[in-house]
Amino acid sequence: MTGTTNSSLYTGPIDYQDIPSSFISYWTLAIKNLTVNSNSVSLPSGQSSYAAIDTGTTLIGGPAAQVAAVYAQIPNSVAGTGNYESYYLYRALLTPFLLPLC
């Protein structure tokens with residue numbers, strides 16, 4: 001790490017994580033726990049729990065069961081059908097915002 005941090009932009013300690021050396025094309029981290037609306041979502045272990053960090057998109061992807069568990073915690077979200085199959089939608093916006101990867 002070079003430089004310093006700007007403590008006016010965050011609160012609390014910084015939790016530094018190692019990026020697995022076998023995943024050098026993305027900033028990849030193991031997700032150790034996931035909570036949505038105060039409810040824990042069960043996660044796979046090992047490489048199946050890795051997530052790529054991408055600040056340039058609103059999409060999330062992952063195993064279908066875990067993605068469904070996340071959206072089950074979001075009020076008014078629904079699984080898409082037809083052209084929106086494999087996406088989840090938020091009914092108030094009617095905008096697709098998820099493509100689960102299997």
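Reader: Which residues make the nonpolar surface patch of about 340 Å²?

Author: Ile 19, Trp 27 and Ile 53 make that patch. Keep in mind as we go that this is a predicted model.

Reader: Let's take Trp 27. Where is it, and is Trp 27 buried or exposed?

Author: Trp 27 belongs to strand E1, which covers residues 27-30. To call a residue exposed, we want a relative accessible area over 50%. Trp 27 has 62%, so it counts as exposed.

Reader: Now the aromatic rings. How do I describe a pair of them?

Author: You give two things: the distance of the ring centres and the angle of the planes. A search of the whole structure turns up 2 aromatic pairs. In one of them, the centres of the Tyr 71 and Tyr 88 rings are 4.9 Å apart and the planes sit at 10 degrees, so this pair is stacked.

Reader: Which parts of the chain does the pair of Tyr 71 and Tyr 88 tie together?

Author: Tyr 71 is in helix H1 (residues 64-72), while Tyr 88 is in strand E6 (residues 88-90), so the pair links parts that are 17 residues apart in sequence. Both tyrosines are buried, too.

Reader: And how are the rings of Tyr 84 and Tyr 87 arranged?

Author: Their centres are 6.4 Å apart and their planes make an angle of 85 degrees, so that pair is edge-to-face. As for cover, Tyr 84 is partly exposed at 41% relative accessibility, and Tyr 87 is partly exposed with a relative accessible area of 25%.

Reader: Back to H1. Which residues of H1 are buried?

Author: Gln 66, Val 67, Val 70 and Tyr 71. Now look down the axis of H1: the buried residues fall within an arc of 135 degrees, so they line one face of the helix.

Reader: What does the face of H1 turned away from the buried side carry?

Author: That face has the exposed residues Ala 65 and Ala 72.

Reader: You've mentioned Tyr 71 a few times. Which side chain reaches the backbone oxygen of Tyr 71?

Author: The side chain of Ser 77 does, at 2.6 Å. Ser 77 lies in strand E5, residues 77-79. Buried means under 20% relative accessible area, and Ser 77 has 16%, so it is buried.

Reader: What about Ser 49: where does it lie, and is Ser 49 buried or exposed?

Author: You'll find Ser 49 in the loop between E3 and strand E4 (50-53). Ser 49 is buried, with a relative accessible area of 9%. A polar atom of the Ser 49 side chain is 2.8 Å from the backbone oxygen of Gly 46.

Reader: Where should I look for Asn 37 and Ser 38?

Author: Asn 37 is in the loop between strand E2 (35-36) and strand E3 (39-40). Ser 38 lies in the loop between E2 and E3.

Conventions. Residues are numbered from 1 along each chain as its sequence is written. This is a predicted model: local features need pLDDT of at least 70, side-chain atom pairs count only at pLDDT 80 or more; totals for chains, interfaces and linings use all residues. Side-chain values use heavy atoms; hydrogens and water are left out. Helices (H or I, at least four residues) and strands (E, at least two) are DSSP runs, numbered from the N terminus. Buried means under 20% relative accessible area, exposed over 50%, partly exposed in between (1.4 Å probe, protein chains only). A polar contact is a pair of N or O atoms within 3.5 Å; within protein, one must be able to donate a hydrogen and the other to accept it, and residues adjacent in sequence count only if both atoms are side-chain atoms. Patches are made of residues with over 30% relative accessible area and no salt bridge: like charges are joined within 9 Å, nonpolar side chains (Val, Leu, Ile, Met, Phe, Trp, Tyr) within 5 Å. Accessible areas come from the Shrake-Rupley method with a 1.4 Å probe; for residues, only the protein chains shown count as cover. A salt bridge is a side-chain nitrogen of Lys or Arg within 4 Å of a carboxyl oxygen of Asp or Glu. Rings of Phe, Tyr and Trp (its six-membered ring) pair if their centres lie within 6.5 Å; planes under 30 degrees apart count as stacked, over 60 as edge-to-face and the rest as tilted. The arc is that of the directions from the helix axis to the C-beta atoms.
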